[in-house]
Structure formats: structure tokens, C-alpha cells
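Here is a short report on a model with its sequence. Please keep the structure in view while reading.

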Amino acid sequence: MKQKPIARFEKVLKKFGDNVVLNEFDFEVYPGEKVVLMGPSGSGKTTVLRILMTLEDIQDGVVYIEEELLWHEQKHGKRVAASNAHLRKMRKKVGMVFQLFNLFPNMSVLRNITEAPIHVLKIPRKEAIKRAEDLLEMVGMTAQKNMHPAQLSGGQQQRVAIARALAMRPKIILFDEPTSALDPEMVGSVLDVMRKLADEHDLTMLVVTHEMGFAQDVADRVCMFDHGRIIEAGTPQEIFTTPKEERTRQFLNSVINREDTVTAPTVQPDRDK
Amino acid sequence: MLFNIPWNLSSNWTFAWSILPILLIGLEVTIKATIFGFLLALILGLPLALLRAVPFRIISWPTAVLIEFIRDTPLLVQVYFVYYVLPDYGLIFSAFLTGTIALGIQYSAYTAEVYRAGLEAIPQGQWEAAKALSLQTRRIYRDIVIPQAIPRIVPAMGNYLISIIKDTPILSAVTVLEVLNVAKIIGDRTFRYLIPLSMVGGLFLILTVISSVLVRYIERRLPKEGIPLK
């Protein structure tokens, strides 16, 4: 992939108080790429997503989205902290699916999806509803469109949350452990939607997950995080079958042993298109 | 005789019957003081809660102190203050207005805490999801935060409504002819306290029961877990 990266981290420093989460962090994602971020909790992978979604600021370094500064602006030739207006503009390029879904409980499923397109993108109501219905069909939630989040299972809520993020037509969609709060039997339906998304859309996906089967099927690249660094990156096949780092091997073993529902990865036919 | 209405002392029953219209005039004042005081508390409480939540200490801290001060001083002191001290500074209010302002101020400190708790109960994830959708702050409050906060706020506000009803007799200290003051005057003039005071107790009971039924009715019509009732 020799195109320009759609998102780029350069020497990023992120601290929570004295706790350094990312240090001199470099990372690139290319348009249409599906990247899975793996690693122990506290290793910084979720922080990477939250910085891209502008939910966490950075202390040093720069982040670009489509070659444009995310957390900074150029003013009179100087680089200054981004204004709210700039952040709002940049935010529209990115969508996020949260571990705990975070649907708006006071709104119907349909309105959860149409709210932002109508009020942020200023899409006419009728058009927004039509698009929301298409998205609901894609995630298999058409029958529940007038229900409220509290009436849905976790898996159903997460599928609505995916539709809600897609309704904003983001260039990059971020998934922060989308299945880890779900009952085991709900995980499959959400992963199926995400697989469909990976096939059908020319969409850049960044997924924090420990679902190795999913990573195997979908990821162009798996990045293994430890202590705020990417210690190893490669195709799922490289990472899962011939990891170079001992730390990677340890982590994968612990994931496989913990979750019997995860099917151990097997070498699959080349999926390159 | 009070308010040009005479009483009939020939028997307990005729006495009670004859002073009822007099007490009802006082009750009307009580109800008005309650409504205005409560509305004032609801209105004043919101800016207090918002100022308190401002991330700048120079604003939030004095607000917190003010709220604490109002809450921790007796209502009667505040009533006297508005009635006897403010006129020295050119602020002269009628006795009725004095009472309702004091009630409103006292209870705004309580409603501010209710608003604050209601807003803080909105999970962080709701804010993050709204931000991730690029919704503007005004829109987040209007469509997400306030609709979710209201069902949490209403029950507590209902309790304060009933509490205000029961605090209105304090206004008699600054000559307001609310229902207790009226009953006391009747007692002073007839030397019969039992009947008017018992009737006042009964009237307050009726008032608070009606209010709590009303509050519960509103509560039941609020959405549960975000699901609106048909």
C-alpha cells in the first residue's frame, strides 16, 4: 500500500497524570485498511482509538487524519492547539463503536441513528430515515426500529450502535472491544455484522478486540501492543502462527486459554484481493 | 369576625362551619406562597447547579459556599433578613413577597443539588457517544441529557414541594395571613384554639396528600429506562 495514510501518529505522548500510556508513539493506517489492535489491558490500544475520536487529547507529538492535523491547527504559520470548531470538523471523519454500546436510552432505535445525520449533517429527515432503515436492514434490526435500547439484548444494541456510527458516513470507524461486554451467544451476531462491513464497504476499520477468529478473517494487519508500544505487527497469519516476540506468544496463549469460544486460528487460503 | 366573615359560637359544629370560609381565605395564601416559592426554587436552582458544575474554581467554589450557606441557615433567619434587613438597602417587598422569596431562595439550594445529581447521573458514555457523533453541546443537553435527567429529578422535586407546603407557616412570622396565622387569630379572639388549629392540621394534610398523589401521577407518566409510556 503506497497511498497516503488516512491516519498517522507521530511521536505521540499521552499521559494520565504521571502514568505514561503512549510514548514516542508512531502508527499509520491506510485507506480501506482493516487493522486489529491486540494486547493486554492498559497497553494503550484503546487510548489510540480515543485519541482519534478526540475523546482524549495528547501531550506531545502530532496526529494526522487525511494529512490534516487533528489536535493542532496552523495559525499565522504557528502550530497551535486545535479549536473546538476544528475538532468538530475533524470528528466527522471518524465514527466509534463503544464497548458498552452507549445508545441513547431516551430515543427509539431509529432516532438513535437519525439524530446526528439530521442535526449535524443537516440531511433532510425523510432521507435520514430512509438511510437509517437501510442500515438497520444491513445489521438485521429492521423489526426493532421503533423499540428503545432497554428493550434490546446487548448484541442487538451493539448492532444498532454500529448502524448509528455508519449513518455519519465516517471515513474511519473505530471499534473499542465491541464484543467484550456481550454474552457469548451474542458475540457471533455482532462479529457477523462487522465481517459484512469489512467486505461490503471501502471503509477503514480499527478494531480493538481479542477475537482471534475475527482478526484472522478480516484483518489486513494485526498490531500487538505492550506498554504503549506496538511490539509486533503483521498479517494475522504471521502474528498468530509464527509470532517473533515471546511476549506476543504469551499473550495469544492466555487469550486462547481464557476463551474456549475462540476458535484457534488455522492457516487459511490467501485472502488478498 | 375576620375578613368580614362572622363566626357562630353556639356549638362546636357551627363554630367549625362558620370559620371554614375564613380559613380557606388563609389557605389560598398558603397555596399561592407554595406555588410561587416552588417555582422560584425551580428557576433559581438551575443556574446555581450549572454555576457549581463550571470547571473554573473561581466560579464553582463561591457557588458551592453560597449553596451550603443557604442550606445551613434556618429559613426563619432568611425570612427576617429579607423582611427587616433588605429595606435598609432600598429593597422593600410586601410581607407575602418576602416570604415567597425567602422560601424560593432556601429551596433553590436544595433544588440545585437535585439538578446537579440528576445531571451527574448521566453516564460518561452518553457524553462520549454524543461527542463521537459530532453533536453540539446545546443539542446534547436538549436531546440527550435533559430528557434523561428529568425522570431522575422529578421524584426528589416532588418531595421538596411537599416540604415547602409544610414550611409556609413560617411566613406568619412576618405578618402574612396564611392559614395558620388566620387560625391563630381566630383562637386569640375566641379563646377557642382546638377547633381552628385542628382544622388547619386537616387542611395541610389534605394539601400534602393531594400534592403527593399529583407527584406520583407525574412520576408514573415519566419514561422508565428511557421507554416512554403510551
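## Strand 10 of chain A

Strand 10 of chain A covers residues 204-208, and five of the five are buried, so it is largely enclosed by the rest of the structure. This is a predicted model. Both faces of the strand are covered. A:Thr204, A:Leu206 and A:Val208 lie on one side. A:Met205 and A:Val207 lie on the other.

Which strands pair with strand 10 of chain A? Strand 9 of chain A pairs with strand 10 in the parallel sense, over five bridges. Here A:Phe175 stands opposite A:Val207. Strand 3 of chain A is also joined to strand 10, by four bridges, and the two run parallel. In this pairing A:Val35 stands opposite A:Leu206.

## The sheet

These strands belong to an open sheet of six strands in chain A. The order is 8-9-10-3-11-12, and the pairing is mixed. Strand 8 (94-97) and strand 12 (229-234) of chain A are the edge strands, each pairing on one side only. From one strand to the next, the twist averages 20 degrees.

Strand 3 (residues 34-38) of chain A is joined to strand 11 (residues 221-226) of chain A by four bridges, and the two run parallel. A:Met38 stands opposite A:Met224 of strand 11. Helix 5 (residues 154-166) of chain A packs on the sheet. This helix touches strand 8 and strand 9 (172-176) of chain A. Its direction makes about 175 degrees with that of strand 8.

## Helix 3 of chain A

How many residues of helix 3 of chain A are buried? Nine of the 11 residues in this helix (residues 109-119) are buried, so it is largely enclosed by the rest of the structure. The buried residues are A:Val109, A:Leu110, A:Asn112, A:Ile113, A:Thr114, A:Glu115, A:Ala116, A:Pro117 and A:Ile118.

## The contact between chains A and B

Chain B gives 20 residues to the contact, and chain A gives 26. The area buried between the chains is about 2100 Å². Carbon and sulfur atoms give 62% of that area. B:Lys131, B:Leu133 and B:Ser134 supply 28% of the area that chain B buries against chain A, more than any other three residues.

Two salt bridges are counted between chain B and chain A. In one salt bridge, B:Asp143 partners A:Arg111, with the closest N and O atoms 3.5 Å apart. On the side of chain B that touches chain A, the elements giving two or more residues are helix 5 (124-132) and helix 6 (137-167) of chain B. Helix 5 of chain B gives the largest share of that side, seven residues.

## A:His72

Is A:His72 buried or exposed? A:His72 is in strand 6 (residues 72-75) of chain A. A:His72 has a relative accessible area of 16%, and therefore counts as buried, the cut-off being under 20%.

Leaving out residues up to four places away in sequence, A:His72 touches A:Ile58, A:Gly61, A:Val62, A:Arg79, A:Val80, A:Ala81, A:Ala82 and A:His86.

Key. Residues numbered from 1 in each chain as written. Chains lettered and ligands numbered in written order. Predicted model: local features only at pLDDT ≥ 70, side-chain atom pairs only at ≥ 80, totals over all residues. Heavy atoms only, no water. Pairing = 2+ DSSP bridges. Axes fitted to C-alpha atoms, helices over the stretch in contact; angles between N-to-C directions. Contact = heavy atoms within 4.5 Å. Buried < 20%, exposed > 50% of the residue type's maximum accessible area, 1.4 Å probe, protein only. Buried area = accessible area lost by both parts, 1.4 Å probe. Salt bridge = Lys/Arg side-chain N within 4 Å of Asp/Glu carboxyl O.
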